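Trainee: Could you take me slowly through one part of this model, the run of paired strands, and then show me how its side chains and surroundings are arranged?

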Amino acid sequence: MICRKNEEAIGVIHRDVVKGRARTFIAPDMAPSGLIEQGKWANLPPELLLDIIRRVEESETDWPARTVVVFCASVCRSWRNATKEIVKTPEECGRLTFPISLKQPGPRDSPIQCFIKRDMSKSTYRLYYGLTPSEAGNDKLLLAAKRIRRATSTDFIISLVADEFSRASNTYIGKLRSNFLGTKFTIFDSQAPDNAVGSHTSRQSWRFNLKQVSPKLPSYNYNVATVSYELNVLRTRGPRRMHCMMHSIPLSSIRVGGTASTPTNEQSFSSPAPKAKEPIIPFSSPNLQSSSMVGNPSNPESLVLKNKAPRWHEQLQCWCLNFKGRVTVASVKNFQLVAAVDPSFDITHAEQEKVILQFGKIGKDIFTMDYHYPLSAFQAFSICLSSFDTKPACE
């Protein structure tokens, strides 16, 4: 009864105080500045507060009901701290709650299932949480991207919201850039891997309070992965062949007991970056702390993903993969990614055959995306975006 009354009150507080802030965010980035810590909700006994939020978190597991958990984090600072203490990472609980969870690895056992809607007229791509689009059209938006064609490359700007793609916005979280032929793509993250903070270059060192620093300071993009498509020199018919070098994920992460980087710093989502020419920071840069050196692009210990080889179906006269019902339309864009492991590494056969990311078409401009640990939603979405770009040299 106490829990239900407080849930109702939380909803009232949220509508009164943070109305209009959530838009398409998974959760507000910071507690609203107008909230006062000394209030009747801030003064609840810590034990009671933790019990209330724990019950809410356990009962509201899916969107849009999980919005109540977001409301808890929006009441005041003490409520937000308690909520962050209780809410687990996607790897631990298999759920997405705060924006930082989009940069954290997915669950190990069952995948997080999403779908992508493409709008070719606007060159936009939106990632939603869920199996398929709902009839009501109130699906939970996770990420959005906009394709921008340039003279020698194509950029996919990735944002937390559907209508803001400026790098100067606090909703910008990274981008995907292709080469001229569309055979090689680089994934850039606005946040340094492993929460590494450079002495003068990392965003976390100056974005926390933008008003106290010069607006002329440059913003950075960190090279976290490279997606490569093999050239089809003989112009033979068949599926595309691709490899993904995950610079920020060590190969050891897929071993039994291995771990992948799990960022916990939300500062990169809290303040807008100034417009500036973007320097690209590789992981080998001396400005990064040694903890990020595991992600050196030249490091052979980085995880490499490859597309799972399909089999030729004689009766259907086409290449086939077992998508377990999640893909229903044949397309050259469809793929499944597994780990590419050298036999000398101690990786079990089951781990080598495990599908870490699968992507495929289910309707006109609608595609499914299911990802596992050690990929995050941001990394998986970026890899899938590479499949949308034109690749005349690969087909």
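Mentor: Two strands are said to pair if DSSP finds at least two bridges between them, and the strands themselves (E, at least two residues), like the helices (H or I, at least four residues), are DSSP runs numbered from the N terminus. Please keep in mind that this is a predicted model, in which local features need pLDDT of at least 70 and side-chain atom pairs count only at pLDDT 80 or more, while totals for chains, interfaces and linings use all residues. Residues are numbered from 1 along each chain as its sequence is written, and side-chain values use heavy atoms, with hydrogens and water left out.

The protein chain has seven helices and 15 strands, and the part you ask about begins with strand 2 (residues 124-129), which is joined to strand 3 by six bridges in an antiparallel arrangement. Within this pairing, Leu127 has Leu143 of strand 3 opposite to it. Strand 3, residues 140-149, is mostly covered, since seven of its ten residues are buried, where buried means under 20% relative accessible area, exposed means over 50%, and partly exposed lies in between (1.4 Å probe, protein chains only). A hairpin with four residues leads from strand 3 to strand 4, and these two strands, the latter spanning residues 154-159, pair in the antiparallel sense over six bridges. Here Ile148 stands opposite Asp155 of strand 4.

Strand 4 is joined in turn to strand 5 by five bridges, again with the two running antiparallel, and Phe156 faces Leu176 of strand 5 across this pairing. Strand 5 (residues 172-178) is also mostly covered, with six of its seven residues buried. Five bridges, antiparallel as well, then connect strand 5 to strand 6, residues 184-189, and Arg177 has Thr186 in strand 6 as its bridge partner. The hairpin of strand 5 and strand 6 has five residues between the strands, and in it Gly182 takes a positive phi near 75 degrees.

Charged side chains come next. A salt bridge is counted when a side-chain nitrogen of Lys or Arg lies within 4 Å of a carboxyl oxygen of Asp or Glu, and the structure holds twelve of them. Another salt bridge brings Asp365 and Arg118 together at 2.8 Å, N to O. This pair spans 247 residues, from Arg118 in strand 1 to Asp365 in the loop between strand 14 (357-363) and strand 15 (366-371), and Asp365 and Arg118 are likewise both buried.

Arg241 and Glu230 also form a salt bridge, their closest N and O atoms being 3.9 Å apart. Both residues sit in the loop between strand 7 and strand 8, eleven residues apart. Arg241 counts as exposed because its relative accessibility is 55%, whereas Glu230, at 37%, counts as partly exposed.

At the surface, Leu231 lies in the loop between strand 7 (221-229) and strand 8 (242-250), and it is exposed because its relative accessible area is 53%. Together with Phe180 and Leu181, Leu231 forms a nonpolar patch of about 340 Å² of accessible area. Such a patch joins nonpolar side chains (Val, Leu, Ile, Met, Phe, Trp, Tyr) within 5 Å, from residues with over 30% relative accessible area and no salt bridge, the areas being Shrake-Rupley values with a 1.4 Å probe, for which only the protein chains shown count as cover for residues. For the chain as a whole, the accessible surface comes to about 18600 Å², of which 52% belongs to carbon and sulfur atoms, and buried residues make up 53% of the 395 residues.

Definitions and conventions:
Patch = residues over 30% accessible without salt bridge, like charges linked within 9 Å, V, L, I, M, F, W, Y side chains within 5 Å.
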